[in-house]
Amino acid sequence: MEAALGLLRRMPPKQSETALSALLSLIPQHSSDLLSQVDLPLQVLRDIESGKDFILCEYNRDADSYRSPWSNKYLPPLDDALYPSSELRKLEVEANDIFAIYRDQYYEGGISSVYMWEDDNEGFVACFLIKKDGSKSGHGRRGCLEEGAWDAIHVIQVGPEEEEMAQYCLTSTIMLSLATDDESSGKFGLSGSIRRQMKMELAVAEGHLCNMGRMIEELEGKLRNSLDQVYFGKTREMVCTLRPPAEIVQMRLPDT
């Protein structure tokens, strides 16, 4: 099981679904553990009633149907489906509206969805999702990439309130893949994923959304910095070592 998870962590996100399918056939006895611990690139479905797209994941799925955060209906329709309570649904609607603003400010477009449900510890769980297609034909406003995808998954477990305080446990996963194909950069591909966790005890005076929003913003900033240093920084270092820019080569040449 540990070897399987290690292999999936090292697979490019676009190939993780194929790798997961192969592992499920090899070790079917661990299928439930694999499905619960492995994050796959997010998929999108159109809610005809609201006219908006929403993101599909395990957190809004019941059988083979997915619940839209906009209309609160399952597509395709499902009898005896699970829904959040009326109070939690109200918080979910507010979170979707606020997170859409956050997405547009930080990502300049894309698709976002927020889902909430009760847990067994008298608290609740919230899942914040963002999918950004940065390719020329997608949501990318600059049109620099031939292919580009950013999938962000933030799952927050919120404990019951005790003396106006609550425990928050945030687990964030970001999957990144991009590819270029033009004269200036040539053909180039880069992909990877990163996961981090944060736990905090915060006062609930300003509301759960404020606390969850601050935690997501802080951890996303750290994840972006890690991606920049690990993926882009190391790639830039290797490329410049193997193929230094022409001006550096000219400086190293002896005078003749």
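Which residue forms a salt bridge with Glu 92? The partner is Arg 67, and the closest N and O atoms of the pair are 2.9 Å apart. A salt bridge here is a side-chain nitrogen of Lys or Arg within 4 Å of a carboxyl oxygen of Asp or Glu. Everything below comes from a predicted model, in which local features need pLDDT of at least 70, side-chain atom pairs count only at pLDDT 80 or more, and totals for chains, interfaces and linings use all residues. Residues are numbered from 1 along each chain as its sequence is written, and side-chain values use heavy atoms, with hydrogens and water left out.

Back to Glu 92, then. Helices (H or I, at least four residues) and strands (E, at least two) are DSSP runs, numbered from the N terminus. Glu 92 has a relative accessible area of 0% and is therefore buried; Arg 67, at 3%, counts as buried too. For these labels, buried means under 20% relative accessible area, exposed over 50%, and partly exposed in between (1.4 Å probe, protein chains only).

Glu 92 also meets Arg 89 in a salt bridge, at 2.4 Å from N to O. Since these two are three residues apart in helix H4, about one helical turn separates them. Both Glu 92 and Arg 89 are buried. Through shared partners, the salt bridges join Arg 67, Arg 89 and Glu 92 into one network. As a general point, side chains of opposite charge can pair when their charged atoms come close. Leaving aside residues up to four places away in sequence, Glu 92 touches Arg 67, Pro 84, Val 114, Tyr 115 and Met 116, where contact means heavy atoms within 4.5 Å.

The structure holds nine salt bridges. Another one of them links Arg 61 to Glu 58, with the closest N and O atoms 2.8 Å apart. Here Arg 61 is partly exposed at 36% relative accessibility, and Glu 58 is partly exposed at 49%.

Now for the domains. The assignment, which is automatic or taken from a database, gives domain 1 (1-38) and domain 2 (85-242). Their C-alpha centres lie 22 Å apart. Five residues of domain 1 are in contact with seven residues of domain 2. Between them, the domains bury about 410 Å², with 50% of it on carbon and sulfur atoms; buried area is the accessible area (1.4 Å probe) that two parts lose on being put together, summed over both. On the domain 1 side, Pro 13, Lys 14 and Gln 37 lose the most area to domain 2, together 76% of what that side buries. The count of salt bridges between the two domains is zero.

Leu 75 and Pro 76 are joined by a cis peptide bond, with omega at about -10 degrees. Pro 76 lies in the loop between strand E5 (74-75) and H4, and Asp 80 lies in the loop between E5 and H4 as well. Asp 80 has a positive phi near 55 degrees despite not being glycine, and is exposed, with a relative accessible area of 79%. Glu 164, also not a glycine, has a positive phi of about 60 degrees. This residue is found in the loop between strand E8 (147-158) and strand E9 (165-182) and counts as exposed at 63% relative accessibility.
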